[in-house]
Amino acid sequence: MAYNALKGIQDILPPDIHVWQRIESVAREIFQRYGFQEIRVPIIESTDVFIRSIGETTDIVEKEMYTFQDKAGRSITMRPEGTAPAVRCYVEHHLYNLPVPQKFFYSGPMFRYERPQKGRFRQFYQIGVEAFGVSQPSIDVEVIAMLKNLLEGIGLKEVKFELNSIGCEKCRPDYKNALLKFFESKLSDFCPDCQRRYNTNPLRILDCKVERCIELRKGAPAVAEHLCGDCREHFTGLVSRLDLMKIAYTLNPNLVRGLDYYTRTTFEVTTEHLGAQKAVAAGGRYDRLVEEFGGPSTPAIGFAIGMERIATLLQAQNSELRTPQPKVFIATLGKEAEIEGFKIAEDLRARGFWVEPNYAGASLKSQLRKADRIGAEIAFIIGENELKAGKIQWKNLKKGGQGEVEIKDIPAILTDDIQTSNP
Ligand code: HAM
């Protein structure tokens, strides 16, 4: 009986994993510079955590959550995103008592029962950040600048920052009414999902990907015209700071996002190279969520990057992403040589080198062929005669050149590149 991974769920293997590790290590380094500390939140939460935050009438909650009952009959959901667990954690541990801002990052798998396609999976990985406690646009700029530095740091090219403000609980009702009025007369022409959204969540009509709906919503009122004074001031503060810092962005009045917790700033980083799944990262403000989770009124903002999409783009760009390869292969002939080879391997590993020994007594020719195949840079060859003389042969498999070295001098020649290359 052969088993396969579930539909929309994939294994990440070498060499792809090296691209992932590179993204993760650049992210950690950049986050540290901005004072974002790691938190590890659970993969499963009480289902209410997501319903309360993401919103009952969103696609995620209505159709996409992996929800099950545990043995005690509690409703449990595998996290479809990381913001809700981060807010639950922030409130549960009273982190609002610490100096503001509190800035966190997390990474790991998320689960959404979506229709799998290129760039869309049912288990996918995000690296996300959340900053709590600052209402001023200065932190919006910081978070966006950090995202830009992160994407540049990993070498991602040709991405676009899209930006919008969707207002707050004060101005949203007025905007919703304007939308309802605009859509009313043509409602029957919209897709069934949008017809339902008309009653439950009209802003989401702006985000529908159905061609017919895109056409029908042309000329719809823009949220910018309905922002209250405070929201307008916040948004102006944000864009003027972005301009001053020369961070390029495009205003997109339809950027309403698929999660209900957002207020004011929303942003997405998009690409033209991934087909329909354009967003490689997305985020925004959610100034009400901490309070809704029982904490004190605390503004917050964050984003998450989609690992699969970014890894795919990086691989397609083929930008100097070298797969790590062993530094040393130790070929041995005979039992004593094999034991000496293992000793040398252990010594070199303790010094930080990646060493592959010979495990299975093959001929020298086939051992060297293997060394070549695994991409080793230098092969050491140990036979009976070499052992007696206390010397072994080396061969540089990348640059050519070969010679003899005393066993005690091996570490030195590994760091001395000149000696192991062709004269
Ligand atoms: P989101 O837009 O739902 O936002 O997801 C963020 C990113 O995760 C997307 O831009 C995309 O790159 C990736 N992504 C989402 N769904 C999938 C999927 N099915 N397959 C592959 N990649 C996917 C959030 O999750 C918010 N929690 C972001 C946030 C943090 N907002 C504030 N703080």
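This is a predicted model: local features need pLDDT of at least 70, side-chain atom pairs count only at pLDDT 80 or more; totals for chains, interfaces and linings use all residues.
Where is the place of G401? G401 sits in the loop between strand 15 (391–396) and strand 16 (402–406).

Figure 1. Residues are numbered from 1 along each chain as its sequence is written, and side-chain values use heavy atoms, with hydrogens and water left out. The chain is divided into domain 1 (16–171 + 227–316) and domain 2 (328–419), with bounds taken from an automatic or database domain assignment. A distance of 49 Å separates the C-alpha centres of domain 1 and domain 2.

Figure 2. Helices (H or I, at least four residues) and strands (E, at least two) are DSSP runs, numbered from the N terminus. G401 counts as partly exposed because its relative accessibility is 23%; the class lies between buried, under 20% relative accessible area, and exposed, over 50% (1.4 Å probe, protein chains only). G334 belongs to the loop between strand 12 (328–332) and helix 12 (335–350). With a relative accessible area of 41%, G334 is partly exposed. Its C-alpha atom is separated by 50 Å from that of R40, 294 residues apart along the chain.

**Figure 3. The nonpolar cores.** A nonpolar core is a set of buried Ala, Val, Leu, Ile, Met, Phe, Trp, Tyr and Cys residues joined through side-chain atoms within 4.5 Å. The largest one has 97 residues, and those with the most contacts inside it are I23, F31, F36, L147, F303, I305 and I310. Helix 5 (residues 137–153) supplies the largest share of this core, nine residues. Apart from neighbours within four places in sequence, I310 is in contact (heavy atoms within 4.5 Å) with I23, L151, I154, L156, V280 and I305. A second, separate core of 17 residues includes F380, I392, V405 and I410. In soluble globular proteins, nonpolar side chains tend to be buried together.

Figure 4. I43, I44 and F68 form a nonpolar patch on the surface, with about 240 Å² of accessible area together. Patches are made of residues with over 30% relative accessible area and no salt bridge, like charges being joined within 9 Å and nonpolar side chains (Val, Leu, Ile, Met, Phe, Trp, Tyr) within 5 Å. Accessible areas come from the Shrake-Rupley method with a 1.4 Å probe, and for residues only the protein chains shown count as cover. I44 lies in strand 2 (residues 44–46) and is partly exposed, at 43% relative accessible area. E45 also has its place in strand 2, but this residue counts as buried because its relative accessibility is 7%. Leaving aside neighbours within four places in sequence, E45 contacts F50, S75, I76, T77, P85 and R88.

**Figure 5. Salt bridges.** A salt bridge is a side-chain nitrogen of Lys or Arg within 4 Å of a carboxyl oxygen of Asp or Glu, and by this rule the count comes to 30. One of them joins E38 and R40 (3.1 Å, N to O). E38 is partly exposed at 28% relative accessible area, whereas R40 is exposed at 71%. The side chains of D409 and K408 also meet in a salt bridge (3.5 Å, N to O). D409 is partly exposed, with a value of 30%, and K408 is exposed, with 63%.

Figure 6. K63 pairs with D59 in a salt bridge, the closest N and O atoms being 3.8 Å apart. Both residues lie in helix 3 (residues 59–64), four residues apart, about one turn of the helix. K63 is partly exposed, with a relative accessible area of 43%, but D59 is buried, at 17%. A network of salt bridges links D59, E62, K63, D193, R196, R197, R204, D207 and K209.

**Figure 7. Loop residue E114.** E114 is found in the loop between strand 5 (102–111) and strand 6 (123–132). E114 counts as buried because its relative accessibility is 16%. Not counting residues up to four places away in sequence, E114 touches E64, R120 and R122.
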